[in-house]
Amino acid sequence: MKTFYWGVVQSAFQFEMGDPLRRGIDARSDWWAWVRDPFNIKNDLVSGDLPEDGINNYGLYEIDHRLAKDLGLNAYQLTIEWSRIFPCPTKGVEVKVERDSYGLIKDVKVPREALGELDKLANQREVAHYLGVLRNLKKLGFTTFVTLNHQTLPIWVHDPLEVRENLQRARARGWVDEGNVVEFVKFSAYVAWKFSELVDFWATFDEPMVTVELGYLAPYVGWPPGIINPEAAKAVIVNQLVAHARAYDAIKEHSSAPVGIILNTIPAYPLDPRNERDVKAAENYDYFHNRIFLNALNRGSVDLDLNWEPVKIKHLARNDWIGNNYYTREVVKWTEPRFEELPMVSFVGAEGYGYSGDPNSVSPDNNPTSDFGWEVYPKGLYDSIMELTEYGKPVYITENGVADSKDILRPRYIREHVDAMKTAIENGADVRGYFHWALTDNYEWAMGFKIRFGLYEVDLITKERIPRKWSVETYRSVVREGLE
Ligand code: BGC
């Protein structure tokens, strides 16, 4: 029987900082600037909590790895933070870029000399840090999954405050700027070159559509750069698609490990299944949120203008595995398209369901909701897996978990979601791993420390890891039982 991977998952920005002596700070990312911006704090767009008061996985990773080991896990997923490796621009390093007839980047050559130059620009202390982290995981027998981009960008790539002020005039425009695709490829090539011996699975992006939806279409949710700009949203989609494909190629130059992408596949259901318009809204949600990336990267079917008219672009069909982050579903109803440029955005989440619930209540379907207000809906995990199965690639549940500081919902949440995954496997889905979000509490983006996902609570003063006992024991048993 093939190995099934049971793991936990962390991102860099949400877990790393928090040393009481302020060691291991990374002040060079967009999110670092974003969460301390007075306008954001004053307008309650962010919590005012600061990541440097956080979990300190950077200093305490050996403890966290040991906790993961003691749970019986065999896999560990983490992010190597771009802004730590390259705190300053890599733009001066020359690489060769080729384009296709649409003007899209179809090839980036990062020659040996370029890697040497990147090596001089890299922060070698941070390189040594991640080498240490990965070696420790290997020493403990873990299979390693490494993500190259989990939302955060170096501040020289994306200055969200400048962009919010004026996108045209901003110097660092994130994924809106195609030039940053090339910089990401350099970063990917460099990391693959440096770390390939210690990495078993690569992921390029974590949840690229979240960047699009929250950053460029919903300024009230506290996600950088916090603007409404559908044209920019489209550019961010295309540039991330190209960045994934070219990073894939770059990694393959140095590593034989599978390269995938992590998507938060959200199954959408019509509020009223007899209402044609609600049914259409659910289809549009699925197309926009789930299928754009899936179709492009697995089949080379690319909806460049986001108008349901995909074209075939073979050089974008690059993907060995699909990561699925699942928390809850969406129940949607029809609304007239909100942006002329994006006619498929014709849905709105129905109140009380999915992501649109009230904290610690029940949904209209009588499902409990988390501290975040997210509805507990395990069948959605089953449905999302079956959707991914259409693409014929191995699937890994790369995140699943629940915000539940009092540990009331989590044990059952874990069991029911793992059961839903097992049912999908019984029905033919090729699922090869499950990663819980998260081993410990984390910095929950705009919500700061108010939202707690950890199997272990973290005391933010002492940094002690305190088991949420019932969940720890549940996950341990689930892992011990395995797939039977
Ligand atoms: C993201 C994590 C986040 C979690 C809970 C996932 O979609 O990848 O960064 O903490 O959701 O909101």
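A: Two residues are in contact if their C-beta atoms, placed from the backbone, lie within 7 Å. The model read here is a predicted one.

Q: Which residues of H14 meet which residues of H15?

A: On the H14 side they are Arg410, Pro411, Ile414, Arg415 and Val418, and their partners in H15 are Trp470, Ser471, Thr474, Tyr475 and Val478. Sorted by class, this contact holds six nonpolar, two polar and two charged residues.

Q: At what angle do H14 and H15 pack, and how far apart are their axes?

A: Angles under 35 degrees count as roughly parallel. Helix H14 spans residues 410-426 and helix H15 spans residues 469-481; they pack at about 20°, with axes 8 Å apart. H14 and H15 are therefore roughly parallel to each other.

Q: Is the crossing of H14 and H15 left-handed or right-handed?

A: A crossing is right-handed if the near helix is turned clockwise from the far one by less than a right angle. The crossing of H14 and H15 is right-handed.

Q: Which residues surround the ligand?

A: Ser11, Gln14, Asp206, Glu207, Asn264, Asn325, Glu399, Trp437, Asn442 and Glu444 surround the ligand. By class, this shell has one nonpolar, five polar and four charged residues.

Q: How many helices and strands does the protein have?

A: There are 15 helices and 17 strands in the protein. Its radius of gyration is 21 Å, close to the 23 Å that the globule rule gives for 484 residues, so the protein is as compact as a globular protein of that length.

Q: What does the C-alpha trace span along its principal axes?

A: The span of the C-alpha trace is about 60 × 55 × 50 Å.

How values were computed: Residues numbered from 1 in each chain as written. Predicted model: local features only at pLDDT ≥ 70, side-chain atom pairs only at ≥ 80, totals over all residues. Axes fitted to C-alpha atoms, helices over the stretch in contact; angles between N-to-C directions. Helix = DSSP H or I, 4+ residues; strand = E, 2+ residues; numbered from the N terminus. Parallel < 35°, antiparallel > 145°, perpendicular 65-115°, else oblique. Nonpolar A, V, L, I, M, F, W, Y, C, P; charged D, E, K, R; others polar. Near = placed C-beta within 6 Å. Rg over C-alpha atoms; globule rule 2.2 N^0.38 Å.
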